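Subject: Structure for you to look through

Hello,

Here is the structure I said I would hand over. Please open it and keep it beside you while you read the notes below.

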Amino acid sequence: MQTDSDHRWLSAAARLAARGVPLSRPNPAVAALIVRHGTVIARGWTQPGGRPHAEAVALEAAGEAARGATLYVTLEPCAHESPRGPACADLVAASGLTRVVVGCADPDPRTAGQGLARIRAAGIDADLADNPDCAISLAGYLTVQRLGRPHVTMKLALSEDARLAPPSGEGQWLTGEVARRHVHAARARVDAIVVGRGTLDTDNPRLDVRLPGIEKRSPERWLLSHSAAPDGWQLLSSPAAIAAMSGVQTVMVEGGAGAARAFLDAGLVDRLLIYRAPRLVGGSGPVLPDLTHAALSGSPHWTLADTRQLGNDKLEVYERS
């Protein structure tokens, strides 16, 4: 049985797992904490390229100090053998740990339940906690395993009346510098970005990460179109075609009312990042009236998960209900 303290440690591990996103591809970004008497004695997260796994990193760092301690890990330790490394369930079983608390069960049939069973068979107390923060940290991996497609975040900069662009002659941006830098941080956490043909032809966007130190985390660029994609881009024939994106766990739809509407109408948006500029635009420009704050507040399909002020703009984060 889990305690409030267990869930706090798992939530801390979920935050640590962000260090592996998205560099752990093709593996999920998992994190592990080894705790003794309320103190972290070792930690680990999935390394770039997917190996070594979080548990292996933490156990190596702890060494003999792991004996008698508790392991908090965001995802059930893997139970299948791989030429790239041993099964984490076997490493944990041989570690001398007293207890293991897992934040999420692994739906991969090669592990599902078998990782925990193997650890328990070694005489270690192992609990499955179903921690929501761990599930959020693993949203891309869990969506691929359960639905056969990547997790989709839609990012939009909108005015108060859900317009996607300022009036003609007032520049390119609705939002300010702080919000735009936050977008770059969000890009660094996804595997791929999708825009529509209209956005490509009008803006010729780079869609890269322009924050010092993490420029190399720029995601793949995908074009939603029925015609050819230019060099440096990959073609997405329809929203449903995301299921065929090789090795991609997380997608961000960034560009244009057309692409936004296509994904929304297909029911393929799991999360909304709306950067709301404090202004009314009006006019006849592109608009998404079902994404005004009032419309979303009254929608049975979306739950407001977070808000934060970014300069003069406000970020609204919605999760599909």
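**A glutamate in a strand**

Glu316 is found in strand β13, which covers residues 313-320. Helices and strands in this email are DSSP runs numbered from the N terminus, with helices being H or I runs of at least four residues and strands being E runs of at least two. The model is predicted, so to speak of a local feature a pLDDT of at least 70 is needed, side-chain atom pairs count only at pLDDT 80 or more, and totals for chains, interfaces and linings use all residues. Residues are numbered from 1 along each chain as its sequence is written, and side-chain values use heavy atoms, with hydrogens and water left out.

Is Glu316 buried or exposed? Glu316 counts as buried, because its relative accessibility is 4%. The cut-offs are under 20% relative accessible area for buried, over 50% for exposed and partly exposed in between, with a 1.4 Å probe and protein chains only. The side chain of Glu316 also makes a polar contact with the side chain of Tyr318, at 3.0 Å. A polar contact is a pair of N or O atoms within 3.5 Å; within protein, one must be able to donate a hydrogen and the other to accept it, and residues adjacent in sequence count only if both atoms are side-chain atoms. Apart from neighbours within four places in sequence, Glu316 is in contact (heavy atoms within 4.5 Å) with several residues, among them Leu272, Ile274, Arg276, His293 and Asp306.

**The open sheet**

Five strands make an open sheet with mixed pairing, in the order β2-β1-β3-β4-β5. β2 and β5 (125-128) are at the edges with a single partner strand each, so one side of each has no neighbour in the sheet. On average, neighbouring strands of this sheet are turned by 15 degrees against each other, direction ignored. Axes are lines fitted to C-alpha atoms, for helices over the stretch in contact, and angles run from 0 to 180 degrees between N-to-C directions.

Two strands count as paired if DSSP finds at least two bridges between them. β4 (residues 99-102) and β5 run parallel and are joined by four bridges, with Val100 opposite Ala126 in β5. Two helices belong in this picture. α2 packs on the sheet and touches β1, β2 and β3, its direction making about 140 degrees with that of β2. α1 lies across β1, β2, β3 (70-73) and β4, and runs at about 140 degrees to β1.

**A covered strand**

How many of the six residues of β10 are buried? Six of the six residues of β10 (residues 250-255) are buried. Strand β6 (residues 151-158) runs parallel to β10 and is joined to it by four bridges; Met154 has Val253 as its bridge partner in β10. Strand β7 (residues 192-196) also pairs with β10 in the parallel sense over four bridges, and here Val194 stands opposite Val253.

**Backbone details in loops**

A cis peptide bond joins Arg25 and Pro26, with omega about 10 degrees. Pro26 lies in the loop between α1 (4-17) and β1 (31-36). Another cis peptide bond joins Arg51 and Pro52, with omega about -10 degrees, and Pro52 lies in the loop between β2 (39-45) and α2 (54-62).

His37 is not a glycine, yet its phi is positive, near 50 degrees. His37 sits in the loop between β1 and β2 and counts as exposed, at 78% relative accessibility.

Regards
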